[in-house]
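This report covers a surface patch and a helix pair. The structure comes first.

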Amino acid sequence: MARELTSFTLPLLLVWLSSPLLSLADSAFVGGMRTTAELAALGPGCSLCDSAYLMAYFVSVVTTSAVASARARGDERGARAATAAGALAAVAVGGLLTTLLSALNAGAPLLASASGTLAGDAASYVRHRCLGFAPALVSSALQAASLARRDVRPAIVAAVASSVVNLVGDFLLVPRFGLVGAADATALAQLAGLVVVWRAATKKRYLEFQRHGARTKKLFDDVFRDGLPVLATLVAKCAVVASLGFAATKSAVARGSLPEAAAHQILAGLYFLFAPVGDALASTVQTFGAATLAAEESKSKRESKSKRESKSKRE
């Protein structure tokens with residue numbers, strides 16, 4: 001069992017490292033090819049985008065639990081319906097975030113208070129990068145469904161594809177377009193990841209919408225109901241981390257020390273690179289825990305039934 005858990009968790013780390021690596025790659029290319037001011041502006045922009053994405057990750061957490069629980073009961077149709085519900089919820093949440101941050105520019109006041117004169121560049125980065133939120137969240141939901149089936153390969157291939165597209169995109173776009181180019185490269189990378197995992201999910205029949213319409217709708221509602229506690233936890237976590245990042249940038253900009261703000265962005269990227277270790281372990285527990293609990297419940301029911309039959313025979 002220990003070997004199985006290890007072989008599942010280690011590749012899973014690559015999946016969880018995918019998003020921090022995208023932000024870190026943006027920082028590396030902007031810092032190496034553009035100005036210190038642009039790297040400093042990347043800090044609050046990345047922090048807002050990463051926080052919004054992390055808060056929306058409750059959809060994937062609930063999808064993992066729903067699919068793993070359905071499969072533990074032997075309900076493959078339920079697992080497919082849960083996968084479809086998770087994908088639809090991801091589209092809804094991703095579309096809402098894109099509308100708020102891109103079309104309505106809702107993050108502008110926060111960026112202005114945190115980054116001062118850098119707010120314009122940071123806001124441009126956010127408006128472009130959030131165009132990839134819906135693809136990224138749908139990809140995460142489908143990866144969660146695959147992981148719940150203990151199928152790590154689609155998630156790994158998607159993570160590698162995203163990283164390659166992001167690196168190539170940054171190399172081509174950052175020298176010419178700066179922060180906007182970095183944001184566009186990240187959004188394209190997230191779209192590439194979605195294409196990979198969507199093809200795998202449809203090929204392996206993990207995802208079906210037509211056959212389970214009513215059931216999918218109920219599970220869609222359950223994603224938001226069951227996800228509220230997870231969302232509350234993620235909001236609290238993001239509020240603490242983002243507020244520290246905004247405070248550091250605001251202090252550095254107020255003193256006119258752009259190199260300090262730029263250095264903070266690099267260190268923050270390195271911090272988030274190592275943070276997902278616990279998240280990978282949590283996903284492993286979700287995946288294997290459902291089957292273990294279902295087996296224990298089934299064993300308990302068999303024992304209870306056996307005791308009742310023995311008692312009935314004695315009487």
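Which residues form a nonpolar patch on the surface? They are Leu14, Met33, Val160, Val164, Val168, Phe171 and Leu172, with about 610 Å² of accessible area together (Shrake-Rupley method, 1.4 Å probe, only the protein chains shown counting as cover). Two elements, α1 (2-33) and α8 (153-177), each give two or more residues. Helix α8 gives the most, with 5 residues. Phe171 lies in α8.

This is a predicted model: local features need pLDDT of at least 70, side-chain atom pairs count only at pLDDT 80 or more, and totals for chains, interfaces and linings use all residues. Residues are numbered from 1 along each chain as its sequence is written, and side-chain values use heavy atoms, without hydrogens and water.

Now the helix pair. The axes of α7 and α9 come within 8 Å. The crossing is left-handed.

| Helix | Residues | Contact residues |
|---|---|---|
| α7 | 133-148 | Phe133, Pro135, Ala136, Val138, Ser139, Leu142, Gln143 |
| α9 | 179-203 | Gln190, Leu191, Gly193, Leu194, Val197, Trp198, Ala201 |

Contact means heavy atoms within 4.5 Å. The contact of α7 with α9 has 10 nonpolar residues, 4 polar and no charged. The axes cross at roughly 35°.

How values were computed:
Patch = residues over 30% accessible without salt bridge, like charges linked within 9 Å, V, L, I, M, F, W, Y side chains within 5 Å. Salt bridge = Lys/Arg side-chain N within 4 Å of Asp/Glu carboxyl O. Helix = DSSP H or I, 4+ residues; strand = E, 2+ residues; numbered from the N terminus. Axes fitted to C-alpha atoms, helices over the stretch in contact; angles between N-to-C directions. Left-handed = near helix turned anticlockwise from the far one by under 90°. Nonpolar A, V, L, I, M, F, W, Y, C, P; charged D, E, K, R; others polar.
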